[in-house]
Amino acid sequence: MKAYDVIIIGAGIAGLSQALALTQVGFSVALVDHCQAPSAWQTAAAWDNRVFALTPASATLYHDLNVWPLLLKRRITQYQHMHLWWPGFIDRALVLNATDAAVSELGHIVEQNVLRDALWQQLSHTPLSAYWGQAWQALTHTDAGSTLRLADGQVLQAALIIAADGAHSAVRNYVANTELAFSHQACAMVATLNSEQRHQSIARQVFHTTGTLALLPLANPHVSSLVWSVPVAKAEALQRLSGSAFAKSVSLAVDHVLGELSLESKPQCFPLQALCADTFVMPGLAFIADAAHVIHPLAGLGLNLGLADVACLTGQLLKAKRLKRPLGHLSTLKPYGRRRKVAAMHMITLMCLLEKSGRLSAKCPNILSNLVNSCLGTKNLFKTSMTTIALRALNP
Ligand SMILES: Cc1cc2nc3c(=O)[nH]c(=O)nc-3n(C[C@H](O)[C@H](O)[C@H](O)COP(=O)(O)OP(=O)(O)OC[C@H]3O[C@@H](n4cnc5c(N)ncnc54)[C@H](O)[C@@H]3O)c2cc1C
């Protein structure tokens, strides 16, 4: 039987980040994933349809973990401006600037495969034990220690198991940690698009009655990433379109803001749900990121919320180590569980409100944009508070 301080199940971005955070401060860690290890990212790699808007708080975490220089060497885009508008009212877009909130940027856009590769490269300098392509069969968890039996018969032991196995967490099901979950009856269409005009490193979002559409700037000034929330039936119809017809639909939906668009990659569709696990901690077991909570992607905060879990749990485990307290004891884990569940519930509620109000406001954009404009016309106070609210939401 091999023994570790911590076993992490799931090597998505959250699991890799948690593994790096813990190994860098001296914990022995085993990382288990049923998929194979990620292949190395190549400079000329095709654009990944899956991108993340990283908040300043997540950037700080990656600076601390020495991942940031690797992201800069690969591909990452800083954005200082955000344009928000209702269809047909692009000339009255609400413009949020980093300078309005006295920060240097609103965020960064990074592709999933770029971030995964940077994390994995950084992990290769640590004594991490990785178990790739390994399904697990059984799990026990107590205050005094936990075990994981792998499909090939190996048994791993640790003071704590961290479930980072995503929205459909098998660990959550296995230990009967029920969840509050509902479907948004909508899907997110994602794709990479070429544009006639430069995106100028501006993140753009338009609020339709059917859902929101975001165009996020990538490292090439003529390439953007699309995240378009639409009802299921519309998603099905969009998937049946030819590439050029799909790009035309996007172009129309964004009021031709970047001129003509063409598809760089095949669109993909992700069903949207909201989910919060009943508890984020049990004796010898903790849940992080999508295994604990899933939110609507309209504000691009899901992973950021998960990275805040990583930072919080790492701090809690370090404190326990310093005080020589058992890592898997509920007294160690409960402060993490309480704090992060409150943050997740808060964010789920906020995203539901934003999603509904964005769609409702699209029904009367004239009134709203007039209001926004008159506020902006009189003083920058409204804009400044919107930016501050946005940034506060960005520190989940
Ligand atoms: C369209 C869309 C756009 C988004 N945009 C943003 C954004 O801009 N910013 C942002 O912060 N968030 C965004 N999100 C949310 C973000 O994608 C998720 O929060 C994040 O990817 C979750 O990462 P994770 O590591 O928790 O889970 P996952 O990425 O799902 O990783 C789970 C890992 O666990 C492994 N696994 C699963 N089951 C098992 C098992 N039984 N045994 C072993 N291993 C297992 C999987 O192989 C995988 O490696 C978006 C989401 C969507 C749908």
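This is a predicted model: local features need pLDDT of at least 70, side-chain atom pairs count only at pLDDT 80 or more; totals for chains, interfaces and linings use all residues.
**Helix packing, ligand shell and domain contact**

Helices H1 and H8 run roughly parallel to each other. The angle between their axes is roughly 25°, and angles under 35 degrees count as roughly parallel. The two axes come within 10 Å. The crossing is right-handed. On the H1 side, the contact is made by Ile13, Ala14, Ser17, Gln18, Ala21 and Leu22. H8 contributes Leu303, Gly306, Leu307, Val310, Thr314 and Leu317. By class, the contact of H1 with H8 has 8 nonpolar and 4 polar residues.

H1 (13-23) and H8 (302-322) are among the elements that give two or more residues to the shell around the ligand. The others are strand E3 (51-54) and strand E12 (179-195). H8 gives the most, with 4 residues. In total, 32 residues surround the ligand. The closest are glycines: Gly10, Gly12, Gly166, Gly300 and Gly302. Nonpolar residues number 20 in this shell. A further 9 residues are polar, and 3 are charged.

The chain is assigned two domains. Domain 1 is made up of segments 2-64, 113-181 and 273-354. Domain 2 comprises 78-110, 184-272 and 366-393. The centres of domain 1 and domain 2, taken over C-alpha atoms, are separated by 30 Å. The ligand shell draws on both domains, with at least three residues from each.

The domains also touch directly. In this contact, 21 residues of domain 1 meet 24 residues of domain 2. The domain 1 side that touches domain 2 has 16 nonpolar residues, 4 polar residues and 1 charged residue.

Conventions:
Residues are numbered from 1 along each chain as its sequence is written. A residue is near a molecule or strand if its C-beta atom, placed from the backbone, lies within 6 Å of it. Ala, Val, Leu, Ile, Met, Phe, Trp, Tyr, Cys and Pro count as nonpolar, Asp, Glu, Lys and Arg as charged, and the others, Gly among them, as polar. Domain bounds come from an automatic or database domain assignment. Two residues are in contact if their C-beta atoms, placed from the backbone, lie within 7 Å. Axes are lines fitted to C-alpha atoms, for helices over the stretch in contact, and angles run from 0 to 180 degrees between N-to-C directions. Angles under 35 degrees count as roughly parallel, over 145 as roughly antiparallel, 65 to 115 as roughly perpendicular and the rest as oblique. A crossing is left-handed if the near helix is turned anticlockwise from the far one by less than a right angle, and right-handed if clockwise.
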